[in-house]
Amino acid sequence: MAHLSSRRTRALAVPVGLALTASLGFLPTATATAAPTGEPASASVRTDGPKLSYVVNTRGGHSTVKDVEKAIAKAGGTVVIAYEQIGVIVVHSQNPAFGEMIRRVRGVESAGATRTNPIVPQATKDVGSIAEPLTAEQAAAAAADAKADEDPLEPLQWSLPAIKADQAHKKSLGSKKVTVAVIDTGVDDTHPDLAPNFDSRASANCVSGAPDTTAGSWRPAAGESDHGTHVAGTIAAAKNGVGVTGVAPGVKVSGIKVSNPDGFFYTEAVVCGFLWAAEHGVEVTNNSYYTDPWLFNCKNDPDQGALVDALTRAVKYAERKGTVNVAAAGNSRQDLASDAIEDTTSPNDSETVTRTVDPSACPDIPTMLPGVVTVSATGAKGLKSSYSNYGRGVIDVAAPGGDSTIYQTPEPPAVNGLILSTLPGGRYGYKAGTSMASPHVAGVVALIKSKHPYAPPAAVKALLTVEADAKACGEPYDINGDGVIDAVCEGGKSYNGFYGAGVVDALDAVRW
């Protein structure tokens, strides 16, 4: 995708360059049916329209899904895969009336197109660099400052002491029995800081809506976004005398690729990602993206409502299987608790329209779905990052996501207000965004699971919020000092719209 910052509002760039958010998904092969029904479409059904992808959400179990699959074929659709565990069927169709027809079928609760632009063969595009590079001078200076128990670049990682991860590592690095799945743009598992902790068994490529487990399919291709690799390093870069250190450097990390070569994260891929993680024993998922093409998905719209339905089912299923799902709040500087937000970026895969939405009825998915841990971002001075979304009753916790070094300058020896982490090809670089805050939380959740391996998701989330360091709203928020209030924080010290229950605490995660 050539212009990620214009399409991916959640990961918009600040003056120093912020990270885009992306997402990947996987599907379980053992309980899914991938074969088409084989029934020909009715002669009266058109099949000359644009080829679109749909999710068809059914009620009931196996028999209902099979009956609906027959109706899908008669309506001019082809089943890509059926997730009977949650009653979601991924379908391709060139019948312009497919959605309207299939919604009338008995057993169908909702159905909708996952995109507004036709499915076309994908070709990798040069997306350019969206990270600030780590200079040789910075690396050399950091290595000279590193203590005996630190990796060479750890002195530049101001975010670790910000959540007491450096102190936590003296007590525990996390358990190899815990895996965090990075549902994102792909993870380069050959990186020397990621290879020691990579879990290939829990990795896959879900871009089509069905899982591809071919070795290396989870990696970003040449020219594709490095976002997922950066996220993975923040979570679990090994403490091995090389490069950087993750929040939980002793746990496993997997890659579930859900964004296509153009950088879009469509519903069928994300559903696949949650299902794959759930079926492969993943304890934590990190979701630093929003689901394309709608920034907000209105439940009263037949298509958008079906997307909310499908992902709600997938998220709930993963949690029932023991997975804690963590997600970035977004980078649009918006109050997600307000009654009305103007959305000028959707749909982002065709011609956008301007609309005013109520986020309580039109959620940003998956971050605003029930049960998901929603994360806002802070900068090096501990203040809400200039770009971060917020909202009382929406934000659960906060974590370092970085900010413009001009706005929030870190204490030496750190020199950059963004987050330093791994990049494909053995490289390192800086990014900022709620995309970078969410993996800090996922890492802390992994430490909690390491300490309490039998704790269910509800208990883990309770510990996460109870152990967070409460942070008050503070002075009126004028991040750039121009005399204009940039955002209003509502609530008290124990819980508010900027920081939720507070900034996560890695030390408490391993201590209690």
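Trainee: How many residues line the largest pocket, and which of them lie nearest its centre?

Mentor: The model is a predicted one, so local features need pLDDT of at least 70 and side-chain atom pairs count only at pLDDT 80 or more, while totals for chains, interfaces and linings use all residues. Residues are numbered from 1 along each chain as its sequence is written, and side-chain values use heavy atoms, with hydrogens and water left out.

The largest pocket has 19 lining residues, and K147, E150, E154, P161 and D166 lie nearest its centre. A pocket here is an open set of points on a 1 Å grid over the protein atoms alone, with protein on both sides within 12 Å along at least five of seven lines; a cavity is a set where a 1.4 Å probe fits but cannot get out, and lining residues have an atom within 4 Å of a point. The space in this pocket is about 360 Å³, a volume being the space filled by probe spheres set on grid points that are joined across faces, edges and corners. Two or more lining residues come from each of α5 (159-162) and α6 (165-168). Elements are DSSP runs numbered from the N terminus: helices are H or I with at least four residues, strands E with at least two. By class, nine of the lining residues are charged, seven nonpolar and three polar. Asp, Glu, Lys and Arg count as charged, Ala, Val, Leu, Ile, Met, Phe, Trp, Tyr, Cys and Pro as nonpolar, and the others, Gly among them, as polar.

The loop between α5 and α6 contains K164. K164 is not a glycine, yet its phi is positive, at about 65°. Most residues other than glycine have a negative phi.

Axes are lines fitted to C-alpha atoms, for helices over the stretch in contact, and angles run from 0 to 180 degrees between N-to-C directions. The crossing is right-handed, that is, the near helix is turned clockwise from the far one by less than a right angle. On the α7 side the contact uses H227, H230, V231, T234 and I235, and on the α10 side S435, M436, P439, H440, A442 and G443; contact means heavy atoms within 4.5 Å. Six of these residues are polar, five are nonpolar and none is charged.

Helix α10 packs in turn with helix α11 (residues 457-467), at about 115° and with the axes 10 Å apart. Here V441, V444, V445, I448 and K449 of α10 meet V460, L463, L464 and E467 of α11. This contact has seven nonpolar and two charged residues, with no polar ones.

Strand β16 belongs to an open antiparallel sheet of three strands, in the order β6-β17-β16. β6 (132-133) and β16 are the edges, each with a single partner strand, so one side of each has no neighbour in the sheet. Two strands pair if DSSP finds at least two bridges between them. Two bridges join β6 to strand β17 (residues 427-431), and E132 has Y430 as its bridge partner in β17. α7 packs on this sheet, touching β16 and β17, with its direction about 115° from that of β16.

Another open sheet has seven strands in parallel pairing, in the order β8-β9-β7-β10-β11-β14-β15. β8 (204-205) and β15 (397-400) are its edges, each with a single partner strand, so one side of each is left without a neighbour in the sheet. α7 packs on this sheet as well, touching β7 (179-184), β9 (252-257) and β10 (284-287), and its direction makes about 160° with that of β7.

The loop between β15 and β16 holds P413, and the peptide bond from P412 to P413 is cis, with omega near 10°.
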